[in-house]
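Work through the exercises below with the sequence and the model open. Each task is followed by a solution in steps.

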Amino acid sequence: MATEWHNYLNEEGFSQFEQARKLSDEYSLDDPEDDPYLSKYKAREILCGIKEKLKSLFEANPDCEHLRFASAAVDVKLGSNYVDTEELPTGEEHLLRALDELEKFRLNRDASNIYHSILNNIGILWTGRRNQKKALEYFLKAESVYNDWKQEANGSPKSIEEYYKKFEEDSEKLEYQRNLNFEATYTHTLYYMAQVHAKLGDSKKSAQYCQTTLQRQLDSQTYDPYDWSINAATLSQYYITVEDFRQARHCLACSELIFQEVEGNGSIKKDMETYEEKYCQAKADIERCWAKYGIALLEASKDVLMKEDEGAVGKKSTQEEKMKYQNFNLEVTFHEDKITCEFVQVFSEAREVFLKVQKWLTDSKEFYVFDGRCTDHIEIIQDHSRVFKALAFFEMDLERQCKMHKRRIDMLAAIVGELNPQHYLLIIRQLTFELAEIYSQMVDLKFTIMESESSTPSRHIIKKINTLVQQSIDHYKSYLDSLKNGKPDLPDEFSESDTRPALIAMFCMGRLISKFLLSDVQQRLQNIKKTSACYEFIIEYCNKFPDAAEVVALELSVCKEMVPLLPVKMEKIRQQAEL
């Protein structure tokens, strides 16, 4: 019976498998919108015909292992086809039947790769159902099959592809091809495990699997330069979160090196019109990842300088993280030397990083333009503001710090003025709140400058401070007004995501009102009442909704301390006015 099956494959079966593959993988790309699965349905008809042929042979000889394995291999194809056409239950049925057939043959040389492939496919099916834990169960089984084979068997198992197409009979070439397919199947397992762990919130494991996947793709020379570059750049963002800047920079440098393969590929350049958007987006995404690296390095450097003891602990944990990962075996010194991976300590060092970040952000805006890619464009502007903020910390001249914050205001205010509240309300809220914070920072800087001068404050500086105070209050008020949803009053209870920023806005307004520089006694007294009202609002809100107290614990304690003291302050002002 096995001989009859081999004859069938050589005569027509292999060509039928190839026809089904082309329909599913190639022709389906051009299917009409009103019949998107036309080619996949045609492929299914061919596969079902092959399955029927196998069924009759297998029923006549149920003990034939080769026919059993071939039948399972066809079920894998059919299962994938049903999954592709969004018929998940039927697809799962085919895959589970094949899995059950091969359970006791999981380490059989002719069946192990089929079994491994089935586990991968079922795992993918469960990710499509957004059940990541169930998907992980199957990927872990797939990983176990690979490891068990490595420990208990020699060479590589027969490739599942050998059931679909004819391979060369040369034993050395066949063994080489089997090893490639065996390792590629496992690489796919690792790739999906990286994604599943990320969706389950385990970024550390996700990074480990991603790193291993990328290294294996490099070693086997089986990677798409676009995808590899983006994945390596994305991996860098994990290392940033654990402050392993050396490893993050290495990932980005490797990403840039591999991306150059796209630029140097002549065949792609000939079709640049087709690939232009994909190319330009990948280039911009890598630049944005570089920019985020630089911003994070400046912010981490600031934390180290502000809290040296905690910074030392951070450095130690970073070194521990480094020991767990290995660099890709690529020569990327040229790309790494573009920017430091060490914490910066002085303005000149910070400025070098800043200029690099600013260049990357500016270049990325060539693709992410405001008209058409508005949300991404705004995020780039926010990153530009963020890097100015980080640089300002290292600037010793307070007036120059103010100018940097003024640059932030100009770029953010320009964006707010262009946005339609109906479509971009959440972004407008975010930007408005940030503008309020920047004006408040400038108020503090101007007060420090004023207090450092021995002479009496000039009318100009007083007017400037009062104007900045009012602008900050206006933006906080504008933010709070946006929470009213067209009604005259604030809601009785803020949403969970709005609670902290709303109460912080109210707290900052209270603090800012007290910073007006006024000579009129009645105005000063009136402002103290307004400050007290802001603080009392926070206290009453937290009494009414105790969970809110946890998200503004520090500010709440200040409010409780200040409210009883403010009447005393008002009385002192009255007494001084009477003298």
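**Exercise 1.** Find which residues are linked with Arg21 in a network of salt bridges.

Solution. A salt bridge is a side-chain nitrogen of Lys or Arg within 4 Å of a carboxyl oxygen of Asp or Glu. The network links Glu18, Arg21, Asp25 and Glu26. Next, check accessibility, where buried means under 20% relative accessible area, exposed over 50%, and partly exposed in between (1.4 Å probe, protein chains only). Arg21 is partly exposed at 27%, and Glu26 is partly exposed at 35%.

The model is predicted: local features need pLDDT of at least 70, side-chain atom pairs count only at pLDDT 80 or more, and totals for chains, interfaces and linings use all residues. Residues are numbered from 1 along each chain as its sequence is written, and side-chain values use heavy atoms, with hydrogens and water left out.

**Exercise 2.** Determine which parts the salt bridge between Glu277 and Arg373 ties together.

Solution. Start with the distance: the closest N and O atoms of Glu277 and Arg373 are 3.2 Å apart. Then place each residue: Glu277 lies in helix H12 (residues 272–306) and Arg373 in the loop between H15 and H16, so the pair ties together parts that are 96 residues apart in sequence. Helices here are DSSP runs (H or I, at least four residues), numbered from the N terminus. Finally, Glu277 is partly exposed at 48% relative accessibility, and Arg373 is partly exposed at 26%.

**Exercise 3.** Describe helix H17 by its span, its start and its buried residues.

Solution. H17 covers residues 398–416 and has 19 residues. From first C-alpha to last it reaches 27 Å, close to the 27 Å expected at 1.5 Å a residue; the expected span is 1.5 Å times one less than the number of residues. At its start, a side-chain oxygen of Asp397 comes to within 2.9 Å of the backbone nitrogen of Glu399. The buried residues of H17 include Met404, Arg408, Leu412 and Ile415. Among the elements covering the buried residues of H17 are helices H15 (347–364), H16 (374–394) and H18 (421–452).

**Exercise 4.** Find where in the protein chain confidence is lowest.

Solution. The score is pLDDT, the predictor's confidence in each residue, from 0 to 100. The protein chain averages 90, and 94% of the residues score at least 70. Helix H13 (residues 308–322) has the lowest confidence, at a mean of 47, while H15 has the highest, at 97. Over residues 311–323 pLDDT stays under 50. Where pLDDT is low, the predicted coordinates should not be read in detail.

Conventions
Helix = DSSP H or I, 4+ residues; strand = E, 2+ residues; numbered from the N terminus. Contact = heavy atoms within 4.5 Å. Polar contact = N/O pair within 3.5 Å; in protein donor to acceptor, adjacent residues only side chain to side chain.
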